[in-house]
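Me: I am new to this structure. Please walk me through it in short steps.

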Amino acid sequence: MNEGLSILAIIVGIAHSGIRLATPYLYAAIGETFAQRSGVLNLGVEGIMLMGAFGGFYVTFVTGNVILGLLAAALVGAIMGLIMAFISVTLNAEQGISGIGLYLLGLGASSLLFKTLLGTVEGVDGFSELKFCLASVGIASNFCLSDIPVFGEIFLSHSVIVYGAFALVPVAWWVLNKTTWGLSIRAVGQNPQAADSLGVSVARVRYMTVTFGGLLAGIAGASLSISLLNIFQEGMTNGQGFIAVALVYFGSWTPVGVLLGALLFSLVNALQLWVQVLGLNIPSDVAVMMPYLLTILALAFPFKRALQPAALTKPFERGEN
Amino acid sequence: MKPSLFKRVQLERIIDALLPLIAVIGALLVGAVVLVLLDTDPVEAYTAMFSGAFANKNGLADTMVKAIPLLLVGLGIVIAFRASVINIGAEGQLIVGALITTYLAVALGDSWPNYLVISLCLVAGTLMGALWASIPGYLKAYLNVNEILSTIMMNQIAIQIGFFLLRGPMIDPKEVEAGTNIPHSARLPRPTDLPRFTDVAGWFGFTDSAKDLNLTGFWGELYGLLVEPTRLHTGLFIAILMAILVYVFLWRTTIGYRIRAVGLNPAAARYAGIQVRRTVILSMGLSGAFAGLAGAVEILGLHHRMFEPLSVSAGYGFSGIVVALFGKLHPIGAIPASILFGGLLVGGDKMQRAVQVPQVFVTALLGLIVLFVVSSEIWSRRRAKRRVAAPTTAEENE
């Protein structure tokens with residue numbers, strides 16, 4: 001074990017990485033929550049994330065403007081979401097398998113674009129980590145809030161992308177539970193026939209949620225390529241999109257549940273990274289395996305099944321039932 | 001001749017059967033647009049692809065070599081999908097099958113008779129795949145865990161177990177000696193290699209090359225494929241035999257009937273006294289068995305050692321789904337499908353060399369094909385609905 005680090009420093013390190021690493025999970029899983037609450041299982045999140053990661057990275061790389069990069073990622077994600085919506089809502093295709101198709105398309109297309117447009121792994125200046133320095137608000141001091149021991153180090157030293165992910169949680173909760181929009185989404189996911197008979201367009205709601213979910217999945221990918229890691233590599237999302245889909249089940253289709261799941265996962269991930277940094281005597285393969293094992297165990301928790309949207313994965317056709 | 005109802009039904013059935021092919025053509029057309037955007041002549045690219053995969057004995061041999069795992073994995077997918085169980089875990093099931101095969105062959109290959117070791121390895125790989133798949137099967141049946149997600153997670157776990165074993169207990173002793181520590185196993189003892197086509201031809205006394213016999217053109221290439229040294233191995237016979245067995249199993253046995261019944265309508269199946277849970281676990285287990293067998297065959301017939309798990313599974317868990325869908329979830333249909341997609345994978349490599357389009361183009365193409373095939377099913381469903389509405393045209397359809 002590395003003796004140079006104090007226990008406190010290690011805990012701060014794990015907590016800080018845990019918050020950082022929750023970012024892609026949060027964007028992707030909150031977006032997927034909307035899709036699933038309206039009854040569509042979009043399994044292509046992983047592919048959308050890859051496309052978003054590449055789109056965001058490439059535009060940032062070419063223009064040097066990270067905001068444009070983020071917008072590009074959101075746009076690419078929304079387009080991919082729209083494709084999924086067309087296939088699953090208009091063509092009523094089997095959602096699980098079309099998701100796998102979308103994943104393969106995203107995996108192949110992002111790698112193809114990477115190889116033809118870039119060819120080698122490059123770096124960009126992504127979103128920088130905020131420090132909340134007093135000097136920036138006109139106070140003559142070189143003190144920064146991120147310097148506050150423990151609290152500042154853990155919570156006040158992230159990029160705006162990270163804070164955006166966490167801010168999304170209450171917004172999503174409010175939209176789903178307190179607005180007419182949210183009511184329509186939940187109605188369409190729970191009982192599309194009834195929603196339809198009350199004049200809610202099932203197709204329109206599902207198009208909106210799946211496209212919005214795609215948009216957020218695109219941003220989730222960009223959060224890796226232009227904020228957390230600032231590089232693009234083929235297949236860099238490494239299964240996080242699939243875990244994000246699982247997190248929606250884990251969080252029983254609520255934004256707060258998703259938040260807890262995402263934090264749990266990212267903390268396990270951070271722990272696993274620190275196990276390697278500290279050179280603890282745990283095989284790295286076993287450590288890497290942990291989040292996946294945890295996902296399966298989490299999915300097996302029996303008490304959440306009742307909360308699943310009743311029409312999840314079921315295409316809606318008027319006149320059926 | 002006046003157009004009759006009978007003729008319309010016939011025409012619709014033909015279109016129905018051709019839907020996967022139409023979907024592939026659609027995907028190739030979208031791919032052509034992408035190629036044009038990449039400043040590549042699509043005709044030249046596709047010509048390089050298909051001639052590279054099918055026009056000569058080496059391309060054909062590589063195509064068939066890839067068709068073997070594709071067919072085996074695809075058969076497993078057919079069984080699972082027929083039961084409405086979506087198995088995305090063939091990658092992991094293939095890896096655990098390959099791992100146990102490697103372990104047994106390395107441990108026993110030098111001391112036991114080779115036919116015994118080979119048979120044992122094939123059986124063990126199959127059982128290991130079945131066991132690995134029945135975990136998500138059980139979780140689905142009894143705890144209602146979404147099998148798509150659990151099988152994807154099981155893939156990652158299998159990969160990590162593979163790395164763990166290949167870095168530790170199963171590592172090639174030579175790697176440790178040399179200090180390079182590359183995570184791969186020792187080469188399997190040579191007697192455990194599945195015979196290649198050229199070996200079999202030799203047993204029957206065919207040793208002349210095509211050139212010796214002045215065979216050229218099509219017959220020369222075909223003769224070369226069967227007799228001259230290529231990588232093509234007898235795993236092909238195992239795969240085709242399995243396709244026939246799966247056909248018999250699904251359509252001529254009670255268990256196969258139960259699997260299809262559960263897939264069509266679980267509620268009705270339960271009402272008819274079929275144990276749905278047990279059937280779900282069984283179909284998942286069988287599905288994994290074929291992926292595990294594919295892993296065993298890949299190790300014994302092609303790689304002869306275990307290395308990076310993802311390079312051994314090589315995406316077959318996903319391309320196998322495309323094979324099953326293209327074959328209309330029919331085991332015999334999966335045979336030509338596996339050859340076509342084996343060719344696509346091989347052709348991607350040739351295309352990369354000929355027109356510098358990265359091979360990952362094929363991955364995107366596979367994704368498009370899946371999307372087109374699942375989307376095209378709306379046609380069959382609408383037709384089925386019309387048939388219900390007009391019972392006079394109803395016909396026996398499997």
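Me: Among contacts in chain B between residues at least 6 apart in sequence, what share joins residues at least 24 apart?
Reply: Two residues are in contact if their C-beta atoms, placed from the backbone, lie within 7 Å. This is a predicted model: local features need pLDDT of at least 70, side-chain atom pairs need 80 or more, and totals for chains, interfaces and linings use all residues. Residues are numbered from 1 along each chain as its sequence is written, while chains are lettered from A and ligands numbered from 1 in written order. For contacts in chain B at least 6 apart in sequence, the share joining residues at least 24 apart is 79%.

Me: How many helices does chain B have?
Reply: Helices are DSSP runs (H or I, at least four residues), and strands are E runs of at least two, numbered from the N terminus. Chain B has zero strands, and its helices number 17.

Me: Is Ala105(B) buried or exposed?
Reply: Ala105(B) belongs to helix α4 (residues 90-108) of chain B. A residue is buried with 20 or more other C-beta atoms within 10 Å of its own, exposed with 12 or fewer, and partly exposed in between; C-beta atoms are placed from the backbone. Ala105(B) has 31 such atoms within 10 Å, so it is buried.

Me: How many of the 21 residues of α6(B) are buried?
Reply: Helix α6 of chain B covers residues 147-167. It is largely enclosed by the rest of the structure, because the buried residues number 18 of the 21.

Me: What percentage of the 398 residues of chain B count as buried?
Reply: The C-alpha atoms of chain B fill a box of roughly 75 × 55 × 45 Å along the principal axes. Of its 398 residues, the buried part is 52%.

Notes:
The expected span of a helix is 1.5 Å times one less than its number of residues.
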